[in-house]
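Trainee: I am new to this structure and would like to be guided through it by questions. May we begin with the chains and then turn to how they meet?

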Amino acid sequence: MSIAITTQFICFTILSLVILIGALGVVLLESIVYSAFLLGGVFMSVAGLYLLLNASFVAAAQVLVYVGAVNVLIIFAIMLVNKKEDLKPINDIKSRRIISTSICLTLLSLLIRVDLTNVWSLSSPENSIGEESTIRIGEHLFSDYLLPFEVASVLLLMAMIGAIVLARRDVMSKDISTGLPVNQELIEKSSEPLLTNKN
Amino acid sequence: MINLESIPIQAFLIVSSVLFCIGIWGLLNSRNAVRVLMSIELMLNAVNINLMAFSSYIDNNLIQGQVFTIFVITVAAAEAAVGLAILLSLYRNRVTVDMESFNLLKW
């Protein structure tokens, strides 16, 4: 199945605009909840770009992992820490803004210059793997990328245990239903916030 | 099958460059710690777009870039989970998400 060239161009333009405007909204909007939902839109549009590049498996993984897991996790974190607070004003905020914006613009101009001036050695479209890419990814994952694939599973296990240990809430010292003291040998003791009063 | 003759590779690269710079700007200028994590995700996505574009235009038979993208997505998921857990435990100790108040390591 082939898509007409004009349609491809229109799809690419729309997806790029959604990505860039959405990313600007993520960093600039006042409300963090709007930012989180815009971030979901940006992730979906990036998945659309992957589909345009003949990579259906990576597009599906992008939707599942980023929109389905990471974005939901971010929204849950916002729900847990969402407290209206008046931020202390910073004295040198103006100079900081100027310096960081100029650094970003310099980097952007450098990257775009490299993108436009470098001569990319494109390979011919005849031996393109096209829609068979899922099969080729499977071959890679079980032959030459087998070790990184297995190490990734260990990494995910370590991240899961680390996240549980870091984010565990203090438990109550008494069981709610029976009133008996809870065995707390393996559980963090409940404590006051330690560092609230220091500057 | 979609042929990519119509869109030059530079278009994808420029989109990913702009997205990366927006991510860096947000990383440097946000005061909310959750927004900093979102900016990191934006930067990782920019890198992924770059890898996918190269894999489709330059290495379109072996597509090793797509395998790399899958590993980057895996590491990004682990990073988001651990980052948000660190954020929650920071919030429990300092009762704020303002980046300016996380100056424990400043000497």
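Mentor: In chain A, 41% of the contacts between residues at least 6 apart in sequence join residues at least 24 apart. Please keep in mind that this is a predicted model.

Trainee: What share of such contacts in chain B join residues at least 24 apart?

Mentor: The count again takes contacts between residues at least 6 apart in sequence. Within chain B, those that join residues at least 24 apart make up 53%.

Trainee: What is the radius of gyration of chain B, beside that of a compact globule of 107 residues?

Mentor: The C-alpha trace of chain B spans about 55 × 25 × 25 Å along its principal axes. A compact globule of 107 residues would have a radius of gyration near 13 Å, whereas the value for chain B is 18 Å.

Trainee: What percentage of the residues of chain B count as buried?

Mentor: For chain A, 22% of the 199 residues are buried. For chain B, with 107 residues, the figure is 51%.

Trainee: How many residues of α4(A) are buried?

Mentor: Helix α4 of chain A covers residues 93–117 and reaches 36 Å from its first C-alpha to its last, close to the 36 Å expected at 1.5 Å a residue. This helix is hardly covered. Among its 25 residues, the number buried is one.

Trainee: And α2(B): how many of its 25 residues are buried?

Mentor: The end C-alpha atoms of α2(B) lie 37 Å apart, which agrees with the 36 Å that its 25 residues should span at 1.5 Å a residue. The helix is largely enclosed by the rest of the structure, because its buried residues number 20.

Trainee: Which helix supplies the largest share of the side of chain B that touches chain A?

Mentor: The contact takes 82 residues from chain A and 72 residues from chain B. On the chain B side, α1 (9–29), α2 (33–57) and α3 (64–94) each supply at least two residues. That side divides into 44 nonpolar, 20 polar and eight charged residues. The largest share, 25 residues, is that of α3(B).

Trainee: Are α3(A) and α2(B) roughly parallel or roughly antiparallel?

Mentor: Helix α3 of chain A, residues 56–81, packs with α2(B) at an angle of about 170°, their axes being 11 Å apart. Angles over 145 degrees count as roughly antiparallel. The two helices are therefore roughly antiparallel.

Trainee: Which residues of α2(B) meet α3(A)?

Mentor: From α3(A), the contact draws on V58(A), V70(A), I74(A), A77(A), I78(A) and V81(A). By class, the contact has 10 nonpolar, no polar and one charged residues. Those of α2(B) are V34(B), L37(B), M38(B), M52(B) and E41(B).

Trainee: Is E41(B) buried or exposed?

Mentor: E41(B) is found in helix α2 of chain B. Leaving aside neighbours within four places in sequence, E41(B) is in contact with L39(A), V70(A), A76(B) and A80(B). A residue needs 20 or more other C-beta atoms within 10 Å to count as buried. E41(B) has 22, so it is buried.

Trainee: How far apart in space are A76(B) and E41(B), C-alpha to C-alpha?

Mentor: A76(B) has its place in helix α3 of chain B and counts as buried, with 21 C-beta neighbours inside 10 Å. Not counting residues up to four places away in sequence, A76(B) touches V70(A), L44(B) and E41(B). In sequence A76(B) and E41(B) are 35 residues apart, and in space their separation is 7.3 Å.

Trainee: How do α3(A) and α3(B) lie, roughly parallel or roughly antiparallel?

Mentor: Their axes come within 11 Å and cross at roughly 5°. Angles under 35 degrees count as roughly parallel. That makes α3(A) and α3(B) roughly parallel.

Trainee: How many residues of the contact of α3(A) with α3(B) are nonpolar?

Mentor: The residues that meet include L73(A) and A77(A) in α3(A), and I73(B) and L84(B) in α3(B). In this contact three residues are polar, no residues are charged, and the nonpolar ones number 20.

Conventions
Residues numbered from 1 in each chain as written. Chains lettered and ligands numbered in written order. Predicted model: local features only at pLDDT ≥ 70, side-chain atom pairs only at ≥ 80, totals over all residues. Rg over C-alpha atoms; globule rule 2.2 N^0.38 Å. Buried ≥ 20, exposed ≤ 12 C-beta atoms within 10 Å, placed from the backbone. Contact = placed C-beta atoms within 7 Å. Helix = DSSP H or I, 4+ residues; strand = E, 2+ residues; numbered from the N terminus. Expected span 1.5 Å × (residues − 1). Nonpolar A, V, L, I, M, F, W, Y, C, P; charged D, E, K, R; others polar. Axes fitted to C-alpha atoms, helices over the stretch in contact; angles between N-to-C directions. Parallel < 35°, antiparallel > 145°, perpendicular 65-115°, else oblique.
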